[in-house]
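Welcome! Here is a short tour of a structure that may be new to you. Please have a look at it first, and then read on.

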Amino acid sequence: MDITLLQEQIAIFRNEGAYKQLFLHFYKGLVRFTDTYVRQNEVAEEIVSDAMLKVWTMKEGLLGVHNLKVYLFTAVKNAAINYLVKNRNYTTWDIDNIAPETFVSYLTPEQVTISRELKHDFATAIRALPPKCQMVYKLVREESFTYKEVATIMEISENTVDRHLNIAMRRLADVFKSYRSSTR
């Protein structure tokens, strides 16, 4: 998908089809990213929708955005932080995040148990990472951002991104080592 072409079609021709393509392309990733900050899917969706609406309202100003992906992730990060600052006295929980996930699998019960334990240990290790380390890991490994893009989004140097990712990978490697030693 040529993002720059879509930007031009939106900015110059006000092409709603191009906007829809752009919206669908970025929406899920932006919601997942924003949800890591606000921990409420509905709020994350609202923040992302607002950011995407701003893209539409920028008109010709959209042509001045050189990397729309980084621009959008930075915009939703800032909006999420603003939301957290504004609502820091209240804690709410989304029942969807608390309820266990259900799924159908064709694996044996033993494989399911081992897989579930490994996923749980892996997710626990990710959640136990320091916040910035966790964010770098998610942006690089789950959202496929480059170090430079993550550095821009998080306003840190590329060397710091590399350092955070190395910390994350070492801790996750420890999880796998303990898993492998327990299964032998």
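A residue counts as buried under 20% relative accessible area, as exposed over 50%, and as partly exposed in between, using a 1.4 Å probe and protein chains only. By that rule Thr-34 is buried, because its relative accessible area is 0%. What you see is a predicted model, in which local features need pLDDT of at least 70, side-chain atom pairs count only at pLDDT 80 or more, and totals for chains, interfaces and linings use all residues. Residues are numbered from 1 along each chain as its sequence is written, and side-chain values use heavy atoms, with hydrogens and water left out.

- Thr-34 lies in helix H2; helices here are DSSP runs of H or I with at least four residues, numbered from the N terminus, while strands are runs of E with at least two.
- Leaving aside neighbours within four places in sequence, Thr-34 is in contact (heavy atoms within 4.5 Å) with Ala-44, Ile-47, Val-48, Val-76 and Ala-80.
- Val-48 belongs to helix H3, residues 41-57.
- Why does Val-48 count as buried? Val-48 is buried because its relative accessible area is 0%.
- Not counting residues up to four places away in sequence, Val-48 touches Tyr-27, Leu-30, Val-31, Thr-34 and Val-76.
- Between Val-48 and Ala-80 there are 9.3 Å in space, C-alpha to C-alpha, and the two are 32 residues apart in sequence.

**Where H2 meets H4**

- Helix H2 (residues 16-38) packs with helix H4 (residues 68-86) at an angle of about 35°, their axes being 10 Å apart; axes are lines fitted to C-alpha atoms, for helices over the stretch in contact, and angles run from 0 to 180 degrees between N-to-C directions.
- On the H2 side the contact includes Phe-26, Gly-29 and Thr-34, and on the H4 side it includes Leu-72, Val-76 and Ala-80.
- By class, this contact of H2 with H4 has 14 nonpolar, two polar and two charged residues; Ala, Val, Leu, Ile, Met, Phe, Trp, Tyr, Cys and Pro count as nonpolar, Asp, Glu, Lys and Arg as charged, and the others, Gly among them, as polar.

**Where H4 meets H8**

- H4 also packs with helix H8 (residues 147-154), at an angle of about 30° and with axes 9 Å apart.
- The contact joins Val-70, Phe-73, Thr-74 and Lys-77 of H4 to Glu-149, Thr-152, Ile-153 and Met-154 of H8.
- Buried residues in H8 include Glu-149, Ile-153 and Met-154.
- Just after H8, Glu-155 takes a positive phi of about 60°.

**Rings and charges**

- How many aromatic pairs does the structure hold? There are six aromatic pairs, where rings of Phe, Tyr and Trp (its six-membered ring) pair if their centres lie within 6.5 Å, with planes under 30 degrees apart counting as stacked, over 60 as edge-to-face and the rest as tilted.
- Phe-23 and Tyr-27 make a stacked pair, 5.0 Å centre to centre with 20° between the planes.
- Tyr-19, Phe-23, Tyr-27 and Trp-56 form one aromatic cluster.
- The charged end of Arg-14 sits over the ring of Trp-56, 4.0 Å from its centre; this requires NZ of Lys or CZ of Arg within 6 Å of the ring centre and within 35 degrees of the ring normal.
- Likewise, the charged end of Lys-69 sits over the ring of Phe-145, 4.5 Å from its centre.
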